Amino acid sequence: MLALPPGPVAVTVIASALRGGVRHGLWAAAGASVADGVIALGVLFASSALVVLVRSTLDHHPLIALVGEIVVVAMLVTYAIRLARSSVYQRSSELREEMG
């Protein structure tokens, strides 16, 4: 079974298949797949360059790394506190107690 998420690319592929038959639909799907692959490669190379830049910056400025780590820990603790106080967490705790 094939899953096709709704969106402009899927609509284009379906429209091509309905207008021109299976062959046109397959060519449209192949083109969309190639385009997705090119975009993924671009993101891969760009993110690799960004990681190298951030790593070299943090190697030369350890104080920035320390401040970043403190900020991340503070954000995680804040998230944990807000989650513990939320009604969703309390309701799930009640359901767990009811289920045994």
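Tutor: A residue is called buried when its relative accessible area is under 20%, exposed when over 50%, and partly exposed in between (1.4 Å probe, protein chains only). This is a predicted model, in which local features need pLDDT of at least 70 and side-chain atom pairs pLDDT 80 or more, while totals for chains, interfaces and linings use all residues. Residues are numbered from 1 along each chain as its sequence is written, and side-chain values use heavy atoms, without hydrogens and water.

S16 lies in helix α1, residues 8–20 (helices are DSSP runs of H or I, at least four residues, numbered from the N terminus). S16 is buried because its relative accessibility is 15%. Beyond neighbours within four places in sequence, S16 contacts G21, H24, G25 and A28, contact meaning heavy atoms within 4.5 Å.

Helix α2 spans residues 22–60, and its axis comes within 5 Å of that of α3, crossing at roughly 110°. The two helices are therefore roughly perpendicular (65 to 115 degrees, between N-to-C directions of lines fitted to C-alpha atoms over the stretch in contact). At this meeting, L58, D59 and H60 of α2 touch P62, I64 and A65 of α3.

Within α3, which covers residues 62–85, lies V67. V67 is partly exposed, because its relative accessible area is 44%. Helix α3 also holds I81, and I81 is likewise partly exposed, at 41%.

Notes
Axes fitted to C-alpha atoms, helices over the stretch in contact; angles between N-to-C directions. Parallel < 35°, antiparallel > 145°, perpendicular 65-115°, else oblique.
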